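Open the model in your viewer and keep the selection panel at hand. The tour moves from one selection to the next.

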Amino acid sequence: MLAKSWTKTICTFAVLLSMPILLFGCGAKQQQAATETQVKAMAAIQQDTPLSFEYAGEVKGTNEVNVQARVSGSVVAKYIQGGEQVSAGQSLYKIDDGTYVSALNQAKATLAQSQAQLSNAQQDLSRYAQLINSNAISEQSYTNQQQTVAAYQAVVEANLAQVNKAEKDLGDTVVRAPVSGRLDVNDVASGTYATAGSTTLVSLGAVNPVYIQFSISENEYLKFNQIFNGNFIGKEVNATLSDGSDYPITGKVVEVDRSMPNDSGSLTVKALFDNPDNLLLPGMFARIKMTGETVKDAILIPQRAVQQLLDKSFVMVVGDDNKSVSRVVKLGSKVGSYYIVEDGITPGDKVVVEGLTKLREGVPLNATIVTGEQLGLSLDTNTDISSASDSQTNSNDDSSSSGQNQ
């Protein structure tokens, strides 16, 4: 009985001695956890990556013209409605032709009078030709009559030109479509007074095919010269509409401006798209996407992981000892939500993507590894070929402040 009691006492004493050790061990783990910084990290990706370049553009009609009257007068008839499709030569408007009918009749009368005078002078000249052979008239009289005929001939030709002009003016009282296309709805109403050469009656443009016009920067233009061997006329492009849908027909670059205006610093480019269903309307917004070269075994990291300090770009990496390590990186092109890294990162490096705001080098980390899908990252959005330092300068204010804490 005494031995049993003694054994129990010893066991109780042993348990009491072990409790501080257990409590000390738990406290140490809690203290260690409290000093670790919670971050999210993502492993750098390595894969073949096609570069694509995306730009905001606007749909433009081809053969766009402002239809103006060639003669002045009030619009007395309107044969069309705004928005409809018309063919080249189709009648659009009728200008009051009263004045032009009178002008034509007067011109014809003047022409007839001058033609009669010419006919009489020619008959006299023919008679003078017979008389001069018999020396009945002087050579001077014959010469004078020749000059009279020539003068009347010139008057007839001038009056004939006036008749032709009057006929043309009368014909121009019917305003016709100069090209085939669709009318705007900003057409004038009947009764409007049109001044020749200045009053726009309606705007007209072809909507199949159409242009999508966009602009590229000087740096992008120079880069394209390298990628597309100096000429990207004929380069195939795709369009995405404002609702996010892809336009089903591929277009081609057909026009590149010859210069960069001083006030814009960008080059205007036009891509031509077939538009058989008239889905694309002038003035619509669209994004143009061009695919360039494919970078073999490109190393990709999320853009959000990159911080900027002066002219240096760097990222935080989870080191082998689970402490933060700062890496200076050389960035290439943007590809969607990622950067291509040309130097400073190896495949599989765990790059910190969240928790960077006050993170310093050498801080113990408690890193949660995430994927690009979990972060909502994509390779399919805009690619920017401008330098990484230029694009980062204005976009990572938080990153810059964290870099200054290094």
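Two terms come before the first stop. Helices (H or I, at least four residues) and strands (E, at least two) are DSSP runs, numbered from the N terminus. Axes are lines fitted to C-alpha atoms, for helices over the stretch in contact, and angles run from 0 to 180 degrees between N-to-C directions.

This is a predicted model, in which local features need pLDDT of at least 70, side-chain atom pairs count only at pLDDT 80 or more, and totals for chains, interfaces and linings use all residues. Residues are numbered from 1 along each chain as its sequence is written, and side-chain values use heavy atoms, with hydrogens and water left out.

**Whole protein**

Start with everything shown. The protein has six helices and 19 strands. Of its 406 residues, 35% count as buried (under 20% relative accessible area; exposed is over 50%, partly exposed in between, with a 1.4 Å probe and protein chains only). Among contacts (heavy atoms within 4.5 Å) with a separation of 6 or more, 76% join residues 24 or more positions apart.

**Helices 2 and 3**

Select residues 98-133, helix 2, and residues 139-171, helix 3. Their axes come within 8 Å and cross at roughly 160°. That makes helix 2 roughly antiparallel to helix 3 (angles over 145 degrees; under 35 is roughly parallel, 65 to 115 roughly perpendicular, the rest oblique). Colour the contact of helix 2 with helix 3 by class: 21 residues are nonpolar, twelve polar and five charged. Here Ala, Val, Leu, Ile, Met, Phe, Trp, Tyr, Cys and Pro count as nonpolar, Asp, Glu, Lys and Arg as charged, and the others, Gly among them, as polar.

Which residues of helix 3 are buried? They are Y142, Q145, V149, V156, N159, V163, A166 and D169. Bring helix 2 back: what covers these buried residues of helix 3 includes helix 2.

**A cis peptide bond**

Go to N208 and P209. The peptide bond from N208 to P209 is cis, with omega near 0°. P209 lies in strand 9, residues 200-217.

Select D297, in strand 13 (residues 285-302). D297 is not a glycine, yet its phi is positive, near 50°.

Last, select L310. Find it in the loop between strand 14 (307-309) and strand 15 (312-318). L310 has a positive phi too, about 55°, and is not a glycine. Is L310 buried or exposed? L310 is exposed, with a relative accessible area of 78%.
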